[in-house]
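Hello,

Here is the structure I promised to pass on. My notes follow it, grouped by topic.

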Amino acid sequence: MSAITLRELTKVYPNGVRALDALDLEIADGEFFALLGPSGCGKTTLLRTIAGLETASGGRVHIGERDVTALPPGRRDVAMVFQDYALFPHMTVQDNIAYPLRIKKVDRRARADKAAETADELGLGALLQRRPGQLSGGQQQRVALARAMACHPQVFLLDEPLSNLDARLRLEARTFLKRLQRELGVTTVFVTHDQAEALALADRIAVMEGGRIRQVGTPTEVFRRPANTFVAGFIGSTPMNLVDAEVRDGELVVAGTRLPVPEGVQVTDGEKLTYGVRPEYLDHTAEPASGGLRGRVVVVENLGSFSLVSLDLQPADAPAGDTPGTSVQVVVPEGREPAPGDTGWVVPRPGRSLLYRDGELVTPEATPAVPAARTAAGAEQ
Amino acid sequence: MSTATRTAPARTDRPAPGTAPVAVRHVLSRIGRYVFLCAVLGFFALPLLWLATAPFDETPTITASLPRFTLDNFRALLDNPYALSSLLNSVYLAAGTAVLVVTFAALAAYALSRVRVPGRDALLYGLLLLSSIVTGTATMVPLFELAFRLNLIDSRLGVILILSGGLLPAAIFILKDFMDATPTSYEESARVFGASPLQIMRHIVVPVVRPGLATVGVWAVANVWGNFLVPFLLLRGPEKAPAAVIMYTLYTEGGQADLRLLSTFSLLYSLPVALMFVFVSSRYGFRFHGGIKR
Amino acid sequence: MKGRRRATGAAPDAAGLGRARATGFLVPGMVLILLFLVVPAAWTIYLGVTNYRLTGLAAANPEVVGLDNYTRALTDERFRSSLVLTLQFVLGSAVIGQAGLGFAIAYALRDRRGPLRRLVEGFVLLSWILPSSVVAFLWIALLDRDGGTLNALLGIPGTAWLLDHPMLSIIVFNTWRGTAFSMMLYAAALENVPRSHLETARLAGAGTWQQLRDVVFPRIRGHVLTNLLLISLWTFNDFAPFLITAGGPEQRSEILPVYVYKVALSGGELGFGAAISFVMLLINLVIALVYLRMLGRRKETA
């Protein structure tokens, strides 16, 4: 059992910066868990605190059944792979991989064998006598992983494992990493600032900001139902559209258009909310559509098999050429792109709109959206 | 096209104004440069001529002259009871100081680089300033007194300790720079694997900063090898004296200096540092920049 | 701000040393420095106000004589002339000699990579690396009145350089010995001057001297100052001229280091010698501060 439990974990630096603010977190045994957030959010500090390289100012860390809060890093039975891999330059690949075993006082023959075995598993068999300086970036990463694996720790900690690789290699390494973790079944926590990477790799993600965890959930949860506007804006290759809305007569007024309030949400007249919907969940049409937002196309970005279209929202009764207030983006399949200057309507798909009050999500969990449902305004498959 | 060729010959008749003087100036400056460099070469080579010729001359004189070649002069070294032993003394002093300086400076530099000791920066710059201002010459009186009180007069250990004290601030400064440039992830990685601080130092830190340690070691040896004042002050009698002091006594002792001895001894005494320098500069590209980053 | 990578120089306790062990690591080095650098400096002050001698009554019972040694030093003709000679020595062999010649050589060799550069640099560096006792004798041999190579080359046998021109001799000797450091420093500094700057000046019509003045010097001013500071301090405290002239003849080349030696260790007047040493320390400090001030000011205007 190597679940990780954090209780009220706090870290305050001598200059007063609260890097971790009373965090509670449970990571299940065998889970591939991501710590995601912008720089400065505390994710690396959290990783290092779990490793023991930083001492917590308050709270507790449990690995498995043990309370490891007071234990030094070498006794927590964790292995950490650093962003720069930290392969000892003066040792061969074999000695590098065998190093943890050397510390554990395994005899020379046994640890050489173990190192060779681990290296083979990762396809490094031919490189055993090379020095790190003679390896490519991808090979170095695998050696670092082999070294972490060789001592069979309870937990893997990976600090930005893919950021040192160039873009093409990164995708390969991503798949490799996911497979490896699945095969080994070891609890793995990794830090990244790349939300696509987190979504692709992790079983569950913790999105952090300013030393706090803003949401914990599966990639689907975090993508479909971000718990607050911060997560909504952070997750997704194209950011979620977040538009000011006002409640009037039981309906939402979004940039002049009246939209129904999503089911199950209690609202009071006159209050100001934030209306959120992803560009991928909007349908663009050149025909007027009820329940849709009207706007003027400003920018069309071609992204290959689809385009990202930005519209400045203009209610129907606004004079033409009026200064735009809000803008939204919508994903349009290829062949259907409008031209800049055209007027268009974007219609949200049912069950995909979210409402935020003071930044927090208020739309309750809906019944799974029926994918085939479309508005009557002629949007096609 | 034809018009172009017609004007071309006309252009070469008279050189454009201003180009001739520039070309001449250019040539003159080049000649001037070469002359200057030859003069410089001559200036720096001249005193060395004697060192290159006299040891191999059957009848060496003060004047540098073409030698009547022989290797017999080196026997004179063996006749003098103190010549060779002084070289050994020099080796002892240089090696001892280098070991002491490298070890202590490495420990101190590592601690200063990795651990936030209060007042660290002020300490470093203060030490550096101190070591430039407080030289052996300026404090020869109290050093002598101090050595006397600590019973270190006429002790080679005393010389080693005093020389180390003078070299340490700069050595710490240089090594700290090296340590700072070494990423901490190596040490942290080893720490997570369970290595103790001592193991980390042995397995990781020392091998990685070896070039820095070598630099400081070589620099210390070069400094001590030629140091005259401290052994001259502190050591009595020629048995313990290093080559620097013996060299001096050889030509200030009364009577006619034995040029055979002097010349061969000078050569033998100079050779190790010269060779070491050549070796280090070819291996590590030792272009010492006087502190400037290239 | 959290999240930044551990920058160099701000490395946290990566190996888990802890404050206690770190202090332990510092102790051996600091003890040596304290004992053999700090204590002697401080002791100079104390000794300077006593009448301590190597032998005789005052050796067993030194008495504090207050500032007597200092007043004696400052009014002593020999001390004053020694000070003047030392300043001449520093000016001549360090500022003009080593720095000037070093710069000239570096400038003449700039942009060349061939065998000539290696040859010149090789000889210059050789002069620096040879032990001072050997170099001293080579110069004694060179300048010998009757058999010296210099007189033989110039065809003027009988010129007693060391006797008639002692200061000139030690100035040239020290220049010869120390130029290498300045040359290497300036060579590196000159390489840092971007070609584009020089070419811009040349295209604007600037001659060599103007290029030096307008492009090169402003950029290397900091390095010049650092270099001058170091070699001034080193030259001021250099004992090697003792090996050639021993301060003679008749104290005409008796720079301060030699003077202190003569007075304190030959003459046995340790208290008086310490007072002079302290004055030397003070002058060292002043030199250092003056240069540091000039360096600091340069950084502000840069």
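**Chain B**

In chain B, residues 24 or more positions apart account for 70% of the contacts with a separation of 6 or more; contact means heavy atoms within 4.5 Å. Before the rest, some housekeeping. This is a predicted model: local features need pLDDT of at least 70, side-chain atom pairs count only at pLDDT 80 or more, and totals for chains, interfaces and linings use all residues. Residues are numbered from 1 along each chain as its sequence is written, chains are lettered from A and ligands numbered from 1 in the order in which they are written, and side-chain values use heavy atoms, with hydrogens and water left out.

Chain B has 13 helices and zero strands. Helices (H or I, at least four residues) and strands (E, at least two) are DSSP runs, numbered from the N terminus. Of the 294 residues of chain B, 49% count as buried. Buried means under 20% relative accessible area, exposed over 50%, and partly exposed in between (1.4 Å probe, protein chains only). The accessible surface of chain B comes to about 13,900 Å². Carbon and sulfur atoms hold 66% of that surface. Accessible areas come from the Shrake-Rupley method with a 1.4 Å probe; for residues, only the protein chains shown count as cover.

Chain B also carries a nonpolar surface patch. B:Val24, B:Val27, B:Leu28, B:Ile31 and B:Val35 form it, with about 460 Å² of accessible area together. Patches are made of residues with over 30% relative accessible area and no salt bridge: like charges are joined within 9 Å, nonpolar side chains (Val, Leu, Ile, Met, Phe, Trp, Tyr) within 5 Å. B:Val35 sits in helix 2 (residues 19-53) of chain B. B:Val35 counts as exposed because its relative accessible area is 52%.

**Where chain C meets chain B**

How many residues of chain C are in contact with chain B? The count is 101, against 96 residues of chain B. About 8,900 Å² is buried between chain C and chain B, and carbon and sulfur atoms give 78% of it. Buried area is the accessible area (1.4 Å probe) that two parts lose on being put together, summed over both. Helix 1 (residues 18-48) of chain C supplies the largest share of the side that touches chain B, with 20 residues.

A salt bridge is a side-chain nitrogen of Lys or Arg within 4 Å of a carboxyl oxygen of Asp or Glu. Six residue pairs are in polar contact there (both at pLDDT 80 or more). A polar contact is a pair of N or O atoms within 3.5 Å; within protein, one must be able to donate a hydrogen and the other to accept it, and residues adjacent in sequence count only if both atoms are side-chain atoms.

**Inside chain C**

C:Ser182 is in helix 9 (residues 166-191) of chain C. C:Ser182 is buried, with a relative accessible area of 0%. Its side chain makes a polar contact with the side chain of C:Asn227 (3.3 Å). Leaving out residues up to four places away in sequence, C:Ser182 touches C:Gln98, C:Ala99, C:Gly102, C:Asn227 and C:Ile231.

C:Arg72 forms a salt bridge with C:Glu269, with the closest N and O atoms 3.0 Å apart. The pair links distant parts of the chain, 197 residues apart. C:Arg72 is in helix 3 (residues 68-75), and C:Glu269 is in the loop between helix 13 (256-266) and helix 14 (270-301). C:Arg72 counts as partly exposed at 39% relative accessibility, whereas C:Glu269 counts as buried at 17%.

**Chain A**

Helix 1 (residues 43-51) of chain A is mostly covered, with nine of its nine residues buried. Among them are A:Lys43, A:Arg48 and A:Ala51. Just after this helix, A:Gly52 takes a positive phi of about 100 degrees.

The structure holds 31 salt bridges over all chains. In one of them, the side chains of A:Lys11 and A:Glu54 meet (3.8 Å, N to O). A:Lys11 lies in strand 1 (residues 4-12) and A:Glu54 in the loop between helix 1 and strand 4 (58-63), so the pair ties together parts that are 43 residues apart in sequence. Both A:Lys11 and A:Glu54 are buried.

The side chains of A:Glu251 and A:Arg258 also meet in a salt bridge (2.8 Å, N to O). Both are partly exposed: A:Glu251 at 30% relative accessibility, A:Arg258 at 37%.

Best wishes
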